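Have the structure open as you read.

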Amino acid sequence: MTTIDSDTDAYAGIEDLTVALEKGVLAVTLNRPDSLNSLTAPMLSTFAATLERAAEDPRVRVVRIGGTGRGFSSGAGISEEDHANPGAAGTPADVLDAANRCIRAIVNLPQPAVAVVQGAAAGVGASLALACDVVLASEKAFFMLAFTKIGLMPDGGASALIAAAVGRIRAMRMALLAERISAAEAYGWGLVSVVYPADEFDAEVDKVITTLVSGPAVALRKTKNAINAATLTELEDALELEKQGQLMLLESRDFREGTKAFQQRRAANFTDS
């Protein structure tokens, strides 16, 4: 969980998720670059606790959410390393509950949340990015709901968040076909706010953050609340439906086969019906 330094009242993360507050910007950074920032229950729990605290912190004017290395996040960890140490990574059900808590924390956060996506945003990693109010993408970024490749369904509110942004048919395409959607295509669909050239990305992100930090905090808060109230009316129901469906799928033969096939880098042979 997030801890507080009693002497400085500073935010403190964990090794896999760093947190820093400077000049009104709370930077929350996924920090497992060797696995493209795959997510564990402790990471997600720390993430959620950080944002829940930030919601009550007048020092925080903007929350910046990003990842280290080449990607934003590859989603929930399903590597052999993650499965070999479930006590540290958390069970799949733990990860699901913690991810849903994160989505609620992002959406309910009074301050603007900015996703900084320089590479892959897949699985529940895509959900975390797309729950943000402003999604800034590098031209090298891509988005992918890869759940069906391992016998699962989208979670983290993706079924509501993506449909609210791009409509039912495109949401179905992403969810059922598990296709990789480039940054350019995502922008054309209305899935991301803007796409920048890779060599200009960091500078452009700083400009957007500066604009928000210096903006009218109360007006930004009320604007965010009004737009979310108008467009995310189905989010809570979606989170519950996804949780029920995913918990069932996590016990299925297809999930076991899909996970094994992923680890063995082969095509899965799904047999459930």
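Predicted model: local features only at pLDDT ≥ 70, side-chain atom pairs only at ≥ 80, totals over all residues.

**Helix packing**
- Start with α4 (residues 92-108) and α11 (residues 235-249), whose axes sit 11 Å apart at an angle of about 170°.
- Angles over 145 degrees count as roughly antiparallel, so that's the label for α4 against α11.
- On the α4 side, the contact uses Ala93, Leu96, Asp97, Asn100, Ile103, Arg104 and Val107.
- Facing them from α11 are Leu235, Glu236, Leu239, Lys243, Gln246 and Leu247.
- Sorted by class, the contact between α4 and α11 comes to seven nonpolar, two polar and four charged residues.

**The three-stranded sheet**
- Here you've got an open sheet with mixed pairing, in the order β7-β9-β10.
- The edges belong to β7 (120-122) and β10 (181-182); each has a single partner strand, so one side of each has no neighbour in the sheet.
- β9 (residues 142-144) runs antiparallel to β10, and two bridges join them.
- If you want a spot to look at, Phe143 is opposite Ile181 in β10.

- β3 (residues 17-22) and β4 (residues 25-30) pair up antiparallel, with six bridges between them.

Note on methods
Residues numbered from 1 in each chain as written. Heavy atoms only, no water. Axes fitted to C-alpha atoms, helices over the stretch in contact; angles between N-to-C directions. Helix = DSSP H or I, 4+ residues; strand = E, 2+ residues; numbered from the N terminus. Parallel < 35°, antiparallel > 145°, perpendicular 65-115°, else oblique. Contact = heavy atoms within 4.5 Å. Nonpolar A, V, L, I, M, F, W, Y, C, P; charged D, E, K, R; others polar. Pairing = 2+ DSSP bridges.
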